[in-house]
Amino acid sequence: MFTIEAVSDQFDQQIQQRIDDKTKPLGALGRLESLALTIARVQGKETLEITRPTMLVFAGDHGIAASGVSIAPSEVTAQMLLNFARGGAAINVFCRQLGWELELIDCGILQPLEGLKPGDCGKEIVNCRLGAGTNPIHRQAAMTLGAVHQGFELAKGRVVHHHSLGCNLLGLGDMGIGNSSSAAALMAAMLGLEAGDCVGRGTGIDAATLKRKTMLVEQALVQHHDELTDTYNKLACLGGFEIVQMTGAILAAAELRMLVLIDGFIATAAALCAVELMPACRDYLVFAHASAERGHQRMLQHLKAEPLLDLGMRLGEGSGAALALPLVQAAVNFYNDMASFAEAGVNKVV
Ligand SMILES: O=C(O)c1ccc[n+]([C@@H]2O[C@H](COP(=O)([O-])O)[C@@H](O)[C@H]2O)c1
Ligand SMILES: Cc1cc2nc[nH]c2cc1C
């Protein structure tokens with residue numbers, strides 16, 4: 001369904017030489033230097049550029065939320081999506097500040113946001129609905145395999161659309177009450193860990209809720225144990241509509257050789273799925289930040305990812321990915337515009 005080419009390391013030496021020739025002590029731009037190498041490999045050209053950076057926020061509801069695993073009920077997913085549409089959430093503020101295009105995608109919240117009065121809803125919500133919330137994963141499969149495939153196709157449609165508008169950097173974010181349970185279950189299934197190693201406090205639950213959440217995720221893993229044979233089945237049994245579509249978006253973006261900025265715990269669960277399915281897509285991913293959610297560090301280690309920021313954030317929405325854009329632009333700009341020792345007439349120091 002996707003044809004993804006791993007990036008070539010053929011020009012690594014030239015790229016590294018260009019970075020090392022800039023007027024700075026060797027390695028002094030730290031993580032920005034490896035970021036520039038990543039971008040140069042992906043873009044494969046002399047002058048790097050970030051064009052029309054676009055944040056896609058995928059929203060979906062989760063059956064498990066009815067069993068009390070979050071601080072909020074499922075209704076808050078729709079309420080926050082409406083808040084995004086009206087421009088009032090953290091992701092709106094950061095996108096406006098930093099120059100992101102923003103698209104909101106309903107992947108399957110409980111009830112579609114229809115029947116709003118004209119003018120009530122500022123921004124279009126793109127309909128990519130796979131259902132009215134997933135089934136509770138501790139009792140049955142979240143969705144059918146057909147829904148997983150359909151979700152990949154819908155996400156690919158959005159990515160192709162933004163690519164055609166000139167976007168070469170996607171940010172991926174999520175909104176979905178209960179989705180940290182689904183992300184933790186997928187993490188456990190993919191990394192071969194216990195529920196207890198993967199489940200965290202999500203929106204900020206108390207100790208008793210954490211215990212229940214861990215038990216339900218454990219139950220989901222036992223319930224589906226024999227079906228967790230490949231990534232598609234893992235997504236069908238344990239996933240969420242927004243996690244499926246973020247996975248599809250990563251694969252579609254990699255196919256088009258676009259860079260993808262991954263947000264926190266939920267988006268990284270989608271990255272785990274995408275990389276398990278097609279390892280070559282890893283080359284196109286930049287991990288924006290270390291979420292405070294328990295388990296995120298271990299996901300990042302598994303993906304050999306060094307996140308750009310560590311702000312103790314655990315909001316989702318794409319907020320961490322949004323904040324990392326200036327660093328990506330800084331990596332591009334130093335690579336393009338900084339003088340070399342020869343150009344500047346500075347003695348090369350090593
Ligand atoms: O992405 C993260 O790192 C992250 C960590 C904790 C919570 N969240 C957000 O909080 C919601 C999921 O939390 P919960 O407790 O409802 O499972 C969902 O809307 C996520 O975007 C996001
Ligand atoms: C208020 C609120 C905002 C959010 N943004 C992302 N997940 C969220 C969860 C809640 C509860």
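I looked up Ile105 and found it opposite Val126 in β3. Strand β2 (residues 101–108) pairs with β3 in the parallel sense over 3 bridges; strands pair if DSSP finds at least two bridges between them. Strands are DSSP runs (E, at least two residues) and helices likewise (H or I, at least four), numbered from the N terminus.

I note that this is a predicted model, in which local features need pLDDT of at least 70 and side-chain atom pairs count only at pLDDT 80 or more, while totals for chains, interfaces and linings use all residues. Residues are numbered from 1 along each chain as its sequence is written, and chains are lettered from A and ligands numbered from 1 in the order written.

I traced the open sheet: 6 strands in the order β3-β2-β1-β4-β5-β6, with parallel pairing. β3 (125–127) and β6 (285–287) are at the edges with a single partner strand each, so one side of each has no neighbour in the sheet.

I checked helix α11 (residues 265–277). At 1.5 Å a residue its 13 residues should span 18 Å, and the end C-alpha atoms are 19 Å apart, which agrees; the expected span is 1.5 Å times one less than the number of residues. Of its 13 residues, 12 are buried, among them Phe265, Cys273 and Leu277. Buried takes 20 or more other C-beta atoms within 10 Å of the residue's own, placed from the backbone.

I listed the surroundings of ligand 2 (C-beta atom, placed from the backbone, within 6 Å): Ala72, Val76, Met80, Met175, Thr203, Leu315, Gly316 and Glu317.
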